[in-house]
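Colleague: I would like to learn how to read a model like this one. Can you take me through it feature by feature?

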Amino acid sequence: MSAKRIAIAAIALCLIVAFASTAQDKVYTIRFNTVASPSDIQVEAMNKFAEVANAMSGGKLDVKVFHSGQLGDQKTALLGVMKGSLEMACDASPAWFADLAAYPEIGVLEVAYLFRDIDHMYRVLLGPVGQAYWNSLAKKSGMRVLDAWYLGTRELSLTKKAGPVKTPAELKPLKVRWPNSEAWLDVGRALGANPTPMGFGEVYMALKTGTIDGQDNPIPTSYAEKFLEVTKYVVLTDHMLGYINPVINERLWQELPANLKVCIKKALEVARFYMNTRVSEEEATLLGKAVVEYGTEVVVPDKKAFMDYAKSYYADPKFTKKWGAGTYAKIQGIE
Ligand code: KDO
């Protein structure tokens with residue numbers, strides 16, 4: 001080999017080594033945002049994720065948690081993750097993706113009375129059906145779903161003025177808040193409501209000042225965010241097994257070395273177990289606390305009336321057109 005060739009080969013080798021060591025030495029800062037406040041279990045779970053991911057990666061991952069919407073509300077954060085101006089967000093789920101990622105088909109994964117129980121929910125979301133939706137979401141939007149954390153069963157909480165609603169007909173005249181995306185508003189409509197769209201951060205004040213008559217969220221969320229302090233009735237409609245999907249910018253995900261991807265996946269799993277256990281515990285205990293602390297009245301509604309109403313609402317052909325023929329039944333039928 002000539003001296004010139006040896007020199008070129010040496011330079012090429014140096015470049016390869018330099019590149020490899022840059023990739024290896026690089027510290028990835030990952031900002032992880034939520035609208036939830038620090039008293040909310042999901043913030044604890046996000047902190048758990050950060051702690052495990054950072055430790056497991058030996059400092060190559062630097063996950064930082066931002067609560068209370070410090071880096072934006074639900075929509076802003078998800079659009080940021082899609083564009084790459086934010087690395088991760090926690091307040092994500094299909095009813096958001098359907099609108100923000102212009103992917104109406106995926107909305108079928110978050111409709112009233114879809115899942116029989118948590119096992120069914122997990123078989124769909126973390127099984128091949130869910131994975132196929134998450135993969136096409138990543139292609140369409142630049143945002144990848146990494147996991148599914150149980151948020152709790154969604155129930156209505158209504159003000160004193162609204163009264164102890166027991167049927168869809170009684171819900172109709174009330175101003176009940178739902179998250180501000182079309183697929184979320186359909187959840188409200190499927191219960192007979194005429195939903196008021198509103199950002200999460202405005203709900204407490206709107207309940208307190210009487211701008212709205214109620215809202216829907218799982219008990220641990222409604223308790224942590226003090227929504228139960230400013231409402232009187234919790235109506236046990238059990239209309240949805242709520243979950244959130246931690247998401248990451250797809251370009252960043254593809255850039256991450258394989259070992260760091262493993263750290264992220266493992267840390268998410270730890271956080272998921274933490275969150276799901278705590279949520280289940282708190283679902284069982286917090287209502288009793290709210291009864292003592294706030295004088296909450298627990299209302300057992302005509303759940304069958306709500307379920308029947310939802311079934312006929314989603315039977316509208318516009319949903320078959322959005323989701324694809326037979327998709328809803330296929331998801332419900334997964335064993
Ligand atoms: C909410 O805005 O009511 C909601 O429960 C919607 C969920 O998709 C999720 O964004 C959640 O807020 C936040 O994570 C706060 O718990």
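Modeller: Helices (H or I, at least four residues) and strands (E, at least two) are DSSP runs, numbered from the N terminus. Two strands pair if DSSP finds at least two bridges between them. This is a predicted model, in which local features need pLDDT of at least 70 and side-chain atom pairs count only at pLDDT 80 or more, while totals for chains, interfaces and linings use all residues. Residues are numbered from 1 along each chain as its sequence is written.

Colleague: How many helices and strands are in the chain?

Modeller: The chain has 15 helices and 11 strands. Its C-alpha atoms fill a box of roughly 90 × 45 × 35 Å along the principal axes.

Colleague: What is the order of the six strands in the open sheet?

Modeller: The order is E7-E6-E8-E5-E9-E11, and the pairing is mixed. Strand E7 (196–197) and E11 are the edges; each has a single partner strand, so one side of each lacks a neighbour in the sheet.

Colleague: Now the individual pairs. In which sense do E6 and E7 pair?

Modeller: Parallel, over two bridges. Arg177 has Thr196 in E7 as its bridge partner. Strand E6 (residues 176–178) also pairs with E8, again parallel, over two bridges. There, Val176 is bridged to Gly214 of E8. On to E5 (residues 149–158): it pairs with E8 in the antiparallel sense over five bridges. Leu158 has Gly214 as its partner in E8.

Colleague: How many bridges join E5 to E9?

Modeller: Eight, and the two strands run antiparallel. Leu156 is bridged to Val235 in E9. E9 then pairs with strand E11 (residues 297–299) in the parallel sense over three bridges. Tyr233 has Glu297 of E11 as its partner.

Colleague: How do I judge whether a strand is covered?

Modeller: Count neighbours. A residue is buried if 20 or more other C-beta atoms lie within 10 Å of its own, exposed if 12 or fewer, and partly exposed in between; the C-beta atoms are placed from the backbone. In a regular strand the side chains alternate between the two faces of the sheet. Read both faces, then.

Colleague: Which residues of E8 are buried on one side and on the other?

Modeller: Gly214, Asp216 and Pro218 are buried on one side, and Gln215 and Asn217 on the other. All five residues of strand E8 (residues 214–218) are buried, so the rest of the structure largely encloses it. Strand E9 (residues 233–244) is mostly covered, with 10 of its 12 residues buried. Across the chain of 335 residues, 45% count as buried.

Colleague: What does H12 lie across?

Modeller: First, two terms. Residues are in contact if their C-beta atoms, placed from the backbone, lie within 7 Å. Axes are lines fitted to C-alpha atoms, for helices over the stretch in contact, and angles run from 0 to 180 degrees between N-to-C directions. H12 lies across E5, E8, E9 and E11, at about 20° to E5.

Colleague: And the other sheet: in what order do its five strands come?

Modeller: E2-E1-E3-E10-E4, an open sheet with mixed pairing. The edge strands, E2 (61–66) and E4 (143–145), each pair on one side only. E4 and E10 (residues 247–249) run antiparallel, joined by three bridges. Val145 stands opposite Val247 in E10.

Colleague: Which strands does helix H2 lie across?

Modeller: H2 (residues 41–56) lies across E1 (28–33) and E2, at about 170° to E2. The expected span is 1.5 Å times one less than the number of residues. For the 16 residues of H2 that gives 22 Å, and the end C-alpha atoms are 22 Å apart, which agrees.

Colleague: How do I read the faces of a helix?

Modeller: An α-helix has 3.6 residues a turn, so residues three or four places apart point the same way. The buried residues of H2 include Ile41, Ala45, Phe49 and Val52. Their cover includes E1, E2, E5, E9, helix H10 (219–224) and H12 (258–294). Glu51, also in H2, is partly exposed, with 15 other C-beta atoms within 10 Å. After H2 comes Gly58, with a positive phi near 60°.

Note on methods:
Two residues are in contact if their C-beta atoms, placed from the backbone, lie within 7 Å.
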